[in-house]
Amino acid sequence: MNHGTYQHDPFAQIWRLALDPATAIRARRMFARVQSTRSGEIVVKHTPEVARDIEWFMQRFPLEPFDGASADFLAMAATQHRETEAAIARILTTPSHQTSFPPDLMKTPRDYQVQAYQLVRERRRMIIGDELGLGKTLTGLLTVIDDDARPALVVPLTHLPRRWVTELNESLPMLTVEVAKKTKPPQHIIDGHLPDVVVVPYSKLAGWAHALAGRVRTVLFDEVQDLRRGTVSDKGRAAAHVASEASFVVGLTATPVYNYGGEIHNLYDIIAPDVLGTREEFIREWGTQTYGGHVLVREPAALGEYLRREGLLLARTRKEVGRELPQVVKVPHTVESDPAALTAITGDAARLAEVILAQGTTRQERFQAAGELDWKVRQATGIAKAPYVAEFVKMLLESEEKVALFGWHRAVWGIWRRELDAFRPVMYTGSESPAQKAAAEDAFIHGDARVLMMSLRSGAGVDGLQKVCSVAVFGELDWSPQIHEQGIGRFRRDGMDENNPVVAYFLTSDEGSDPPIMETLQIKRNQAEPIISPDGKLLTNATVDTDRARSLARTVLANHRRAA
């Protein structure tokens, strides 16, 4: 019995299924990505996986092709999906054999890097989420060796172009490279005269995307978590534009999820649109929304397993690839705090907390109050404990040659600089220029600076610190556990003294923002780590959560009432 017809629209890249009513009901239940429907017709966006699903659906409900071209295309696309699936399984399960790379490749890649190269060639769009320090820069550059992968675009954080140029010159000196100097491309780029590799930081991508879209064949998004907010930002829209017409698109990061699991959809929506459906489909199939609009993944381990099985995520640990380093020693330590700094904001903080928790306020009012409360309470907490943090660092420097000190607020750094002036502290935060950051690196690694004060969210990907320092102090905390892991990863990497494990001190107070932050970190770890962990388990120990702004607001009000 024939239940209807199917037709492929090559211009819109959709499938039209004209079905009898009963079959249409079943098809709508199966095909989650229905774009639009009318009586008896279903429209589904084409992917090779959808073609194979249609083929499978027709085993139960036979359909006639609208024309011969539709039948041929369905068979071709379904076969393509089967072959890709088989190739991915072979690459993931069979020990990597050395691919024949050009003789002028100056570095010999490791087997796991070759495996990543092979998977990119087969899958074309994916995220490489290997653990920090496993050489993702060289892994990324392997993908541009083939002629059909160039010209290539590398998109790093603002402070990292120099590292990419160095790695390129050391590994593939035969390739030409150009780094974006201004927010707009020069005329020769606009005219289409591109080098083999062009390096454009995220901060300049919006101005360059139009000139590069359709011209670069490979796009490498370094520290791709910088796109976690998706296409709501200029850089996100620019990233999606330039990626849409590339043959190969790869995201490189050890921390694809900073906060909530829904961020992974934003990344794939740019790198490989449709693999996780629309945002609405993703929420329906995988997640749920919180009070603050964040998307939580119900089963992050299952999502991670699906992404790995489909070849969309390759995330290896050091243990998996046989390059283990000593585990980090994490030491939580409570320090004293000066109540004066917190007392000074008590009234304002309580007022903002009431706005956040009140039923009658608008979403915008709660959003603004949450941002202001977070800034006020976290800064006051950092100031309150800053002198005691500095004293703790002084104590460490009696036995340690160098210490890295992580913070967030300039007022806090000011206290630390004054208290630690004898140790020649240098700054590596979001305010310094790339040249100033490079000078700070050099003074800490090669000079007499004994304290490197880093912003919690600066310096991702920085290499070389591990050669001179194995002690990290978190004098202020971040809401995201992955930020802390990124910080630790700057010291636990190849080149460290393996007889001297990294020690990370988390200095917290019993007042202010520290208690709710410590609680909130758990839900984010429960979202992030099972997605990238090969066994679906948490990578380290943790605590418990609720929504961050409401948690902080409840803490502030409770303290205010006790004080009153």
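I'll start with helix α10: 8 of its 9 residues are buried, so the rest of the structure largely encloses it. Keep in mind that this is a predicted model. The buried residues in α10 are Glu263, Ile264, His265, Asn266, Leu267, Tyr268, Ile270 and Ile271.

One of the elements in contact with α10 is helix α9, residues 234-244, through the buried residues of α9. Those buried residues are Gly236, Ala238, Ala239, Val242 and Ala243. Looking down the axis of α9, they fall within an arc of 160°, so they line one face of the helix.

What is the strand order? The 7 strands run β8-β9-β7-β10-β11-β6-β14, in an open sheet with parallel pairing. At the edges sit β8, residues 177-179, and β14, residues 313-314, each of which pairs on one side only.

Now the β14 end. β6 and β14 run parallel and are joined by 2 bridges. Ile128 is positioned opposite Leu314 of β14. Packed on the sheet here is helix α4, residues 111-123, which touches β6, β11 and β14. The direction of α4 makes about 155° with that of β6.

Last, helix α6. Which strands does α6 lie across? Residues 161-171 form this helix, and it lies across β7, β8, β9, β10 and β11. Relative to β8, α6 runs at about 170°.

Note on methods: Residues are numbered from 1 along each chain as its sequence is written. This is a predicted model: local features need pLDDT of at least 70, side-chain atom pairs count only at pLDDT 80 or more; totals for chains, interfaces and linings use all residues. Side-chain values use heavy atoms; hydrogens and water are left out. Buried means under 20% relative accessible area, exposed over 50%, partly exposed in between (1.4 Å probe, protein chains only). Helices (H or I, at least four residues) and strands (E, at least two) are DSSP runs, numbered from the N terminus. The arc is that of the directions from the helix axis to the C-beta atoms. Contact means heavy atoms within 4.5 Å. Two strands pair if DSSP finds at least two bridges between them. Axes are lines fitted to C-alpha atoms, for helices over the stretch in contact, and angles run from 0 to 180 degrees between N-to-C directions.
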